[in-house]
Amino acid sequence: MNTRPTFLPGSLAVTSLQQLRLSAPLVHCLTNDVVQSFTANVLLALGASPAMVVDSGEAAQFSAIADALLINVGTLTRPHADAMLAAVHAANQAGKPWVLDPVAVGGLSWRTEFCLKLITLKPAAIRGNASEILALSGLSASGRGVDSGDDSLAALPAAQQLARQTGAVVAVTGETDYVTDGERSRAVAGGHPMMTRVVGTGCALSAVVAAFVALPGGRLDNVAAACRVMSCAGERACAVVKGPGSFTPEFLDNLYLISEEWLNGEGML
Ligand SMILES: Nc1ncnc2c1ncn2[C@@H]1O[C@H](COP(=O)(O)OP(=O)(O)O)[C@@H](O)[C@H]1O
Ligand SMILES: Cc1ncsc1CCOP(=O)(O)O
Ligand SMILES: [Mg+2]
């Protein structure tokens, strides 16, 4: 039975972030061509270690070595798809968790079929915007390309159903992020609408989710902690920048500086 979403206590986000900084998980990113450098910088600023190993043979070898794998279908091509499948199978065989970001699923047939196949391969987590999560669960959605046209709360039942169907923790993001294992759900506030005006905030969040699913402890709260860390750093960046052009440096600095006080909601600007 589904329970109502509860907000993630700051102390749980703090614990997860401390574990991340101690263990510096190695995150294998098979992501899209638009966000490679931003994604790597976000992971590095937080204290994780990114590596983009993309050749099919090497990807399979590396995903067995890495602590977690990210699959993001934003700029999917046939060679990318082959490498992604090889990496997912190798990660599963090695017992390493992997995360799916189903960018622009729904409007395009081939990537939708591909993602429907991927979710049968036991992702540890799925992170998408509301339109992507609705579409991936087979419901109609109003996405426009990579952007959402739907509300995250309206997509929560779809996220819960997708979690029960796949066994993954599902994060559906937007003004409030919701994270669910199909029975329990967490709500994560914060962030800023300007985060939708900078490319890659969602994609980088999915990479951060991959870093957090590599940690010990409860997966639901670790994924919610990943969302909280990003929304906290984003909100603080947006409070001081003039616009999207100066967002990235401020955001990366905040990810690097993020503290217990910030995550507990103290000292907000
Ligand atoms: N309206 C909003 N208000 C506050 N934060 C938002 C809003 N929309 C998105 N975000 C934040 O922006 C980041 C990217 O989420 P989202 O835009 O849903 O993903 P995507 O970029 O994949 O479409 C998340 O951290 C999310 O919490
Ligand atoms: C613009 C674009 N086109 C293909 S992938 C991509 C990046 C999408 O990034 P995000 O989902 O984080 O907004
Ligand atoms: Mg996205």
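The legends below describe close-up views of a predicted model. Local features need pLDDT of at least 70 and side-chain atom pairs count only at pLDDT 80 or more, while totals for chains, interfaces and linings use all residues. Residues are numbered from 1 along each chain as its sequence is written, and chains are lettered from A and ligands numbered from 1 in the order in which they are written.

View 1. β4 covers residues 68–72; strands are DSSP runs of E with at least two residues, helices are runs of H or I with at least four, and both are numbered from the N terminus. In β4, 5 of 5 residues are buried (20 or more other C-beta atoms within 10 Å of the residue's own, with C-beta atoms placed from the backbone). Ala 68, Leu 70 and Asn 72 point one way, and Leu 69 and Ile 71 the other. In a regular strand the side chains alternate between the two faces of the sheet. β4 pairs in the parallel sense with β2 (residues 26–30) over 4 bridges, where pairing requires at least two bridges found by DSSP. Leu 69 is the bridge partner of His 28. With β5 (residues 98–101), β4 also pairs in the parallel sense over 4 bridges, and Asn 72 has Asp 101 as its bridge partner there.

View 2. The 5 residues of β7 (169–173) are buried. Val 169, Ala 171 and Thr 173 point one way from β7, whereas Val 170 and Val 172 point the other way. Strand β6 (residues 125–129) runs parallel to β7 and is joined to it by 5 bridges, with Ile 126 opposite Val 170. Strand β8 (residues 177–180) pairs with β7 in the antiparallel sense over 3 bridges. Tyr 178 of β8 is the bridge partner of Val 172. β7 and β8 form a hairpin with 3 residues between them.

**View 3. Crossing of helices α8 and α9.** The axes of α8 (residues 201–213) and α9 (residues 219–240) come within 9 Å and cross at roughly 140°; axes are lines fitted to C-alpha atoms over the stretch in contact, and angles run from 0 to 180 degrees between N-to-C directions. α8 is therefore oblique to α9 (angles under 35 degrees count as roughly parallel, over 145 as roughly antiparallel, 65 to 115 as roughly perpendicular and the rest as oblique). The contact (C-beta atoms, placed from the backbone, within 7 Å) includes Leu 205 and Phe 212 of α8 and Val 223 and Met 230 of α9.

Key
Contact = placed C-beta atoms within 7 Å. Buried ≥ 20, exposed ≤ 12 C-beta atoms within 10 Å, placed from the backbone.
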